[in-house]
Structure formats: structure tokens, C-alpha cells
Amino acid sequence: MTAVLVPGATHVQSGKVRDLYALADGRLLMVASDRISAYDHVLSPGIPDKGEVLTRLSLWWFEQLADLLPHHVVSTDLPPGAPADWAGRAVVVERLDMVPVECVARGYLAGSGVEAYASTGEVCGVPLPPGLVEGAELPGPVFTPTTKASVGTHDQPMTYADVETAVGAELAAELRRLTLAVYERGRAVAADRGIVLADTKVEVGRRPDGTLVLADEVLTPDSSRFWPADQWAPGGPQPSFDKQYVRDWLSSPDSGWDRRGDRPPPRLPDAVVAATRARYVEAYERLTGQSFG
Ligand code: Q0N
């Protein structure tokens, strides 16, 4: 029972890798875990320090983006009674009225955008030039929002008109503007550090006075596609900055696993875990210019 661990707190929801609790004072506590997912499965074991690396990276980005919009973080102090091992990966945030749209910006063709483009020449209703290959840079960043799917289902693409219908024309325009601004800022910083920011997803909520606030986590490898710039080679799937060792091992004969079958993936070997941890730390250190310690 959570209430025993954090007096007055109740569990609100768990995503694949983050958990949310309601505190007695009305605020929320967001806890990033060391869990990692690949090919739609949460893997075992977790990646040591991943929750802390991503929490600190997101906190750093919130400050870099503060001139664009406010963020939801209230405190990084662990509430009294919280488990000691949440230190460094739990953040007290203000409770917002969440906008029911996953706000995605893409500068490169990847993931679900590849299949959409192949069948329609568009992504989320935005026409793209002919002849683009997977991994290609788009002529300019595009807003490609999706529905917010619950755990176990997939987000569905929305057109800009869908967003206008869902939240109104005024808010839709603000979401597009802010999402593209966050992407542009992230992309510029990442480019300076030899990292391609292919796309990113942001979540936005509103204060009672209507102010838009950046929520969840931002510009982390879990919410964004980061590619090593020196390995960027359009024409197929790009290596992932953080998860490539995991994907390579799961796809190799060594793992004995068929990702199209119905068995859960096998346990990750220690060497894959260690190499993956090092990649998260490297992403943090390259992007922020700070030592993870
Ligand atoms: C909220 N989600 C979806 C945490 C993130 N500041 C907020 N106020 C109200 N609601 C939310 C936030 C935030 N952030 C965001 N659900 C509720 C993503 N979750 C998944 C679980 O962990």
C-alpha cells in the first residue's frame, strides 16, 4: 500500500517506465524507474541509474526551455516517507489539466512516419515530397500529433484539423508552435554535441488560469529519437543512441528470441545492461556538458 510508504499519497497511474502518485497537498509525484522497453516489451533487468539519468536530463532541458514555456516541476526534494531509492528520480510536479494530445515534432522520417509516408505520401495530413527514404531529413520540421492511447494500445495519428476539433483552433495553434519550438531548441543543442534529434514528443497541461505548462519528461531518449550523427545513413532504420545494444542482442541468434512470436523476451545479459547504461550516461553528459558523477 503506497499510503504506508508516502503518507497521504495514492497511486494514480503507471506508464511503461514512469509512475505517478497524488500527494496529500494536491501535487503529484512523478517517479522515473530503471525499466526499459524495446519492441513493445518491458525488459528485465532494468538499466541501473536510467531513471536518475533521464530525470536529471529532463530537469536540465526544462531550464533550457524556460523562455519558451513554464514547466511543471515544483521540487526535486523527496517527500518525507518516500522510499530512499526514489532519490534522484522522483520529482514533485504541479497538477495540471492535461491536453489530450501527444504533441510530436519530427525533423526526420522514422518510426510510424515511415509506414504512413509509404502508403499516403503524408504524415498526419502533412504532405511530404516524393522520394524520401527512412531516416531522411524532412524539408522542415513538422507537427505530427497523436491521440493519447492508454497502456497496451498504440497512439493514433491525428491531422491538424483533428487537433483543432479536439481542443479548439486557438489551443491547436499554440500546441503546434510550442512543440516545434521545443524540437528546434533540442535539435540545435543535440546537433552541437554530435547527436541527431530525429523527433520528440511533449506533453502539455494547463493551469486553472489557462497557462500552458510543459509536463511529463522532455527531450529524453524515452520521449525522443536520438541518433549518433556520425552514423546517420538514410535508407533504413538508424541506430538508436540508447537502445541499440538491446535491440541488436534481442534480434541476434544469441538471444534465441523471436520478436514476432508470443513469448516474452529473455533476460538481458550483464554486458548488454552495462553497455546500455553507459549510453544513457553518455547521452546525458554530451547533451548537458555535465558529468553524471
Ligand atoms: C499526467 N500523464 C501521462 C507520469 C507521466 N503534471 C501533471 N498533471 C496532471 N497529470 C499529469 C501530469 C504530468 N506529467 C501525465 N498522466 C497524468 C504520462 N504519465 C505516465 C506515468 O508517469
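**Ligand site and cavities**

Trainee: Which elements each supply at least two residues of the lining of the largest cavity?
Mentor: In this predicted model, those are β3, α2 (50-64) and β7 (90-93).

Trainee: And which of them has the largest share of that lining?
Mentor: That's α2, with five residues.

Trainee: What volume does the largest cavity have?
Mentor: About 110 Å³. Of the 16 residues lining the largest cavity, Met30, Thr55, Ser58, Val91 and Glu217 are the closest to its centre. By class, the lining has nine nonpolar, three polar and four charged residues.

Trainee: How many cavities of 30 Å³ or more are there?
Mentor: Two. Glu217 is one of its lining residues, along with Lys50, Gly51 and Leu54, among others. Here too α2 gives the most, with three residues.

Trainee: Switching to the ligand, where does it lie relative to the domains?
Mentor: Between domain 1 (9-93) and domain 2 (101-255 + 274-288), because both give residues to the shell around the ligand.

Trainee: Which residues come nearest to the ligand?
Mentor: Of 16 around it, Gln13, His72, Glu94, Leu96 and Asp216.

Trainee: How much of the ligand's accessible area does the protein cover?
Mentor: 88% of the 470 Å² that the ligand has on its own.

Trainee: And which strand gives the most to the shell?
Mentor: β2, with three residues.

How values were computed. Residues numbered from 1 in each chain as written. Predicted model: local features only at pLDDT ≥ 70, side-chain atom pairs only at ≥ 80, totals over all residues. Heavy atoms only, no water. Near = heavy atom within 4 Å. Areas by Shrake-Rupley, 256 points an atom, 1.4 Å probe, with all protein chains shown as cover. Helix = DSSP H or I, 4+ residues; strand = E, 2+ residues; numbered from the N terminus. Domains from an automatic or database assignment. 1 Å grid on protein atoms, 1.4 Å probe; cavity = no way out; pocket = protein on both sides within 12 Å on 5 of 7 lines; lining within 4 Å. Points joined across faces, edges and corners; volume = space filled by probe spheres on them. Nonpolar A, V, L, I, M, F, W, Y, C, P; charged D, E, K, R; others polar.
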